[in-house]
Amino acid sequence: MQFPVIKAVSYSLAHTPSLVRYGSKPERELRKDPKLDQQITEHLRTFDQACSYHPNQVFIGSLPPESLWDIPRPWWESSANGSARFGPFGEIMPEDEFYGLLRIVDDFDLVSLEAKFQESIRARLHKHPLIGETDLARLGAGAALETIEAKVANEAALPLYLEGRMVGCMASGHEEDPFLTASILLENLACKATGVLALRWLFEQSSRDGIAASAIDYVINSGEEAVGDRYQRGAGNLAKAMAELSGCQNSTGSDVKAFCCGPIHSVVIAAGLVQAGIFQNVVVVGGGALGKLGMKFRGHLAKAQPILEDVLAGFAILVGPHDGRNPAIRLDAIGKHDVRFGGSAQAIAEALIAAPLEKLGLGIPDIDKYAVELHNPEVTEPSGSGNIPQFNYRTIASLAALRGEWSRTMIKDFEKQYGLPGFSPTQGHVPSAVPYLGHARDRMLRGELKTAMFIGKGSLFLGKMTNLSDGMSFILEASDK
Amino acid sequence: MNLVGKKVIVLGERDGVQGTALSECVKAAGGDVVLNINQCFV
């Protein structure tokens with residue numbers, strides 16, 4: 001049977017050190033102790049530091065994930081050789097340009113940028129390969145600094161800083177609506193902007209294969225933002241808003257919500273829509289999670305390392321009909337964590353990994369590569385959260401050992417042979433296995449990889465509606481040709 | 001550890017051992033789970 005394929009994958013980062021203060025954790029801590037501001041500021045990275053950071057270069061495809069095995073930790077102390085802003089999958093955008101992008105994707109005049117600053121950004125964005133004249137026209141006229149200061153002082157606007165200087169502000173959307181405050185709108189608009197950036201990089205790739213943005217039928221946004229107002233908090237549809245500014249004129253879309261597991265659910269749904277013949281080209285997109293910026297800054301400060309949660313991440317995945325070239329999604333072997341399965345690590349691993357493999361008559365070592373939650377351990381370890389991918393690989397190896405498919409004495413070896421080092425920014429739904437999809441597709445197209453399993457998990461219990469967690473998996477398989 | 005008759009607060013973690021699984025173990029050992037919280041630290 002022939003299955004839908006992954007036709008293109010893009011990734012992008014926006015380096016936003018000045019927005020770290022608006023991440024959920026820093027914002028709460030700064031409210032309690034404003035003196036923290038100086039400590040946070042002293043531990044922020046420059047753009048060059050963030051751009052040359054090995055895991056970020058892996059994220060945009062300039063380095064293979066496995067290269068991190070050979071780079072001594074801490075990674076933040078070294079720079080990737082020849083690291084460039086642009087990579088095969090996308091880019092790392094500097095903060096000043098990102099403010100310009102925020103303004104470009106803003107339909108409601110929420111973002112005001114100081115006039116001189118805005119003109120300098122216009123000149124820089126003019127050189128950007130994916131920003132056109134129509135975009136630049138959307139920048140409009142800049143604002144006087146006094147006007148911005150007055151909005152911040154009197155209208156509950158949120159100041160936007162660049163290297164400690166106020167260069168703009170984000171307005172509130174309603175005087176009384178707690179879900180249209182400036183901080184919530186900034187979170188949502190940042191997600192929209194990073195999603196649009198990822199979509200544009202996706203179409204830059206896919207257009208080389210003859211698939212333009214106008215050929216997209218449907219966009220699924222898999223992120224965790226909540227767009228809506230006081231009557232419908234989280235109602236969405238950011239997918240359509242992203243599509244509008246990415247050239248998807250013949251598309252509509254919707255948001256799929258499943259916490260960090262959203263991207264895997266979305267890819268499976270996208271593949272289902274294609275397989276059913278309902279749509280031909282479906283895109284899954286995810287924008288950045290501003291709330292997660294600086295989430296573990298306390299641990300980073302305690303270890304005297306830079307605050308590494310300083311980037312907003314985005315990704316986009318194009319799913320299309322079988323073409324005999326691109327790797328296919330095995331829709332006959334989808335792993336899912338059913339309500340009845342319970343929450344033990346073994347039950348989850350059996351549902352997501354063993355059950356789908358059994359459908360294909362395969363054992364765990366028969367898959368070439370497993371992509372799990374690919375959180376960068378350098379971000380999570382200082383705060384005591386451990387090495388998330390490594391823990392997941394030991395769980396998979398333990399399940400294989402229980403099934404007699406792997407030696408108990410080789411549990412630790414499974415990670416290097418079948419796994420990956422964590423390299424993704426801790427951006428909620430973003431690390432959920434999909435950061436490897438672009439790398440896997442490239443390796444499969446080069447004939448270097450035959451199969452890979454992508455496993456996502458979601459912490460549903462955080463929303464206080466169920467104690468359940470969630471999970472889903474799919475297998476990607478190289479074309480025979 | 002003897003949990004019989006003990007009141008137990010369970011703290012679970014998504015990528016570690018989840019609270020629901022821990023609670024089942026505590027109950028099986030005769031403990032009384034008074035609070036079950038799951039966290040996600042990423």
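These questions and answers cover a predicted model, its chain contact and some backbone features.

Local features need pLDDT of at least 70 and side-chain atom pairs pLDDT 80 or more, while totals for chains, interfaces and linings use all residues. Residues are numbered from 1 along each chain as its sequence is written, with chains lettered from A and ligands numbered from 1 in written order.

Biologist: Which element of chain B gives the most residues to the side that touches chain A?

Modeller: The contact takes 18 residues from chain A and 12 from chain B. Contact means C-beta atoms, placed from the backbone, within 7 Å. Two elements of chain B give two or more residues, α1 (19-28) and β2 (32-39); helices (H or I, at least four residues) and strands (E, at least two) are DSSP runs, numbered from the N terminus. With 3 residues, the top contributor is α1(B).

Biologist: Is Ala433(A) buried or exposed?

Modeller: Buried takes 20 or more other C-beta atoms within 10 Å of a residue's own, exposed 12 or fewer, and partly exposed lies in between, with C-beta atoms placed from the backbone. Ala433(A) sits in the loop between α16 (413-418) and α17 (437-445) of chain A, and its phi is near 70°. Because 30 other C-beta atoms lie within 10 Å, Ala433(A) is buried.

Biologist: What is omega for the cis peptide bond from Arg73(A) to Pro74(A)?

Modeller: Most peptide bonds are trans. Pro74(A) lies in the loop between α4 (54-59) and β2 (90-93) of chain A. The bond from Arg73(A) to Pro74(A) is cis, with omega near -5°.

Key: Two residues are in contact if their C-beta atoms, placed from the backbone, lie within 7 Å.
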